[in-house]
Amino acid sequence: MASNAYIIANKRAVSSHPHRQPHLPLLLLLFSLFFIGKFDIVSALNYTKYTRKVSNLRLQRIQKHLEKINKPAVITIESPDGDIIDCVHKRKQPALDHPLLKKHKIQRVAPEMPKVKTLKRDEGSGDSKRKEGEDLIWQMWHRNGTRCPKGTVPIRRSTTRDVLRAKSLFHFGKKQSTTTNPTRRADAPDVVSSNGHEHAIAYTGTSQEVYGAKATINVWDPSIQEVNEFSLSQIWILSGSFDGSDLNSIEAGWQVSPELYGDSRPRLFTYWTSDSYQATGCYNLLCAGFVQTNSRIAIGAAISPVSQYDANQYDITILIWKDPKVGNWWMGFGDNNLVGYWPAELFTHLADHATMVEWGGEVVNSRANGKHTSTEMGSGHFAEDGFGKSSYFRNLELVDADNSLSSVHDISTLAENTNCYNIKNSYNNEWGTYFYYGGPGNNPQCP
């Protein structure tokens with residue numbers, strides 16, 4: 001059951017987030033809601049440049065694209081946060097429109113779950129416990145009690161407003177192509193780039209064969225300075241050339257992206273690419289590729305509740321692994337909840353195995369007004385602030401060729417600018433290998 005998917009740790013009196021910004025004046029709020037749609041504004045983001053007039057031809061192209069990805073719904077559910085969730089028959093979902101999946105048959109037999117090599121204590125802090133009824137509220141759209149019927153999958157409906165916030169129709173739902181830093185070490189991870197993305201990550205070496213990874217990730221609602229910036233925390237499964245055009249990547253975690261979603265809520269997301277983010281792949285189900293099998297978990301839907309500073313801490317557990325029998329890359333959520341899979345046909349290098357795994361945070365630094373962004377990573381606090389204040393990844397694990405899970409012991413860490421965002425890792429018997437990470441971005445030491 002999904003009740004095992006969401007964990008509350010260190011229950012204390014709830015306090016407000018220290019970086020929560022005040023609501024905008026009523027007039028500006030109404031103006032934004034008129035153009036952008038219904039969502040809560042939690043920071044003074046400038047949406048006005050996304051409300052420009054649009055030609056009829058562009059609107060027609062957008063509408064045609066939306067008709068392709070918004071499949072006919074068996075039933076439709078309105079979420080309290082303004083999202084529309086369409087319950088689409090699983091054989092009608094966008095994934096099967098992919099040219100490489102024309103003859104693909106949805107995998108019906110559940111994949112073989114990775115075996116745990118060593119017995120260990122409960123994966124949580126000493127005073128953590130599961131919250132009763134969490135399966136009903138961990139995603140916002142669950143709150144009205146309506147469920148998608150058996151045989152359907154929940155898909156967040158995309159709108160014209162969503163597309164208009166993107167740089168172009170081609171860029172809608174896609175990450176920027178990575179421009180690799182020429183000073184990058186040969187053994188450094190792919191994420192070290194010079195395109196305005198900054199990171200605080202832990203990563204494995206590149207010489208091993210990897211068949212999956214797992215982690216439990218603390219969920220926060222970091223503030224975002226600019227609409228086209230984001231803050232995310234995720235797992236990367238990588239294979240291929242880090243300095244070429246054939247990098248394969250599978251990714252999942254949570255993110256805050258006003259441009260993509262039209263609000264500042266943390267949301268469960270997935271991503272994939274087979275050509276270094278150039279033309280293939282996308283977020284969530286915004287293009288053909290990822291095959292969803294779960295009728296209760298909506299990819300791209302808001303996560304609630306979230307961690308609070310020096311109060312209740314909430315986290316999610318994500319597992320990505322290669323089915324040893326069929327070869328598809330599956331995503332698990334919580335305790336053995338299967339979300340869906342990336343078919344092996346989508347990939348070149350990952351059709352076999354991964355060569356590197358990364359865990360951690362990423363932000364976009366657009367340097368508006370010539371200053372480092374104040375977009376927060378994680379909780380917005382540096383790693384040294386510790387539990388309840390900074391964000392964490394815990395119980396980092398890898399899947400080996402025998403489809404066995406084991407704790408990661410040999411990892412490296414990296415942060416491009418530790419005055420803006422940093423990371424500190426450690427190990428104990430309960431959290432295994434873990435790390436705290438994040439930061440506020442712009443500050444006197446990060447101008």
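# Close-up views of a predicted model

**Figure 1. The lining of the largest pocket has, by class, ten nonpolar, 13 polar and eight charged residues.** Ala, Val, Leu, Ile, Met, Phe, Trp, Tyr, Cys and Pro count as nonpolar, Asp, Glu, Lys and Arg as charged, and the others, including Gly, as polar. The model is predicted: local features need pLDDT of at least 70, and side-chain atom pairs count only at pLDDT 80 or more, while totals for chains, interfaces and linings use all residues. Residues are numbered from 1 along each chain as its sequence is written, and side-chain values use heavy atoms, with hydrogens and water left out. The volume of the largest pocket is about 550 Å³. Of its 31 lining residues, His171, Lys174, Lys175, Gln176 and Glu259 are the closest to the centre. Helix H4 (160-165) and helix H5 (258-261) are the elements that give two or more residues to this lining. A pocket is an open set of points on a 1 Å grid over the protein atoms alone, where a 1.4 Å probe fits, with protein on both sides within 12 Å along at least five of seven lines; lining residues have an atom within 4 Å of a point. Points are joined across faces, edges and corners, and the volume is the space filled by probe spheres set on them.

**Figure 2. Six strands form an open sheet in the order E11-E10-E9-E16-E7-E19.** The pairing in this sheet is antiparallel. Its edge strands, E11 (267-273) and E19 (412-415), each pair on one side only. On average, neighbouring strands of the sheet are turned by 20° against each other, direction ignored. Such angles lie between axes fitted to C-alpha atoms and run from 0 to 180 degrees between N-to-C directions. Within the sheet, strand E9 (residues 231-239) is joined to strand E10 (residues 248-256) by nine bridges. Across this pair, Ile237 stands opposite Ile250 in E10. Helices (H or I, at least four residues) and strands (E, at least two) are DSSP runs, numbered from the N terminus. Two strands pair if DSSP finds at least two bridges between them.

**Figure 3. An open sheet of three strands has the order E2-E3-E6.** Here too the pairing is antiparallel. Strand E2 (75-78) and strand E6 (152-156) are the edge strands, and each pairs on one side only. From one strand to the next, the twist averages 25°. Strand E3 (residues 84-89) pairs with E6 over five bridges, and Ile85 stands opposite Arg156 in E6.

**Figure 4. Strand E8 (residues 212-218) is largely enclosed by the rest of the structure, because seven of its seven residues are buried.** Buried means under 20% relative accessible area, exposed over 50%, and partly exposed in between (1.4 Å probe, protein chains only). On one side of E8 lie Gly212, Lys214, Thr216 and Asn218, and on the other Ala213, Ala215 and Ile217. E8 runs antiparallel to strand E13 (residues 313-322), with seven bridges between them; Gly212 stands opposite Trp321 in E13. E8 also runs antiparallel to strand E17 (residues 391-399), with four bridges; Ile217 stands opposite Phe393 in E17.

**Figure 5. Strand E14 (residues 329-333) is mostly covered, with five of its five residues buried.** Trp329, Met331 and Phe333 are buried on one side, and Trp330 and Gly332 on the other. Five bridges join E14 to the antiparallel strand E13, where Ile318 stands opposite Phe333 in E14. The hairpin of E13 and E14 has six residues between the strands, and in it Gly327 takes a positive phi near 100°. Five bridges also join E14 to strand E15 (residues 337-342), again antiparallel. In this pair, Trp329 stands opposite Trp342 in E15. The hairpin of E14 and E15 has three residues between the strands, and Gly334 there takes a positive phi near 70°.

**Figure 6. Gly289 is found in the loop between E11 and strand E12 (291-292).** Gly289 counts as buried because its relative accessibility is 0%. Gly289 and Gln93 are 196 residues apart along the chain, and their C-alpha atoms are separated by 9.8 Å. Apart from neighbours within four places in sequence, Gly289 is in contact (heavy atoms within 4.5 Å) with Ala95, His98, Leu101, Trp272, Tyr341, Pro343 and Leu346.
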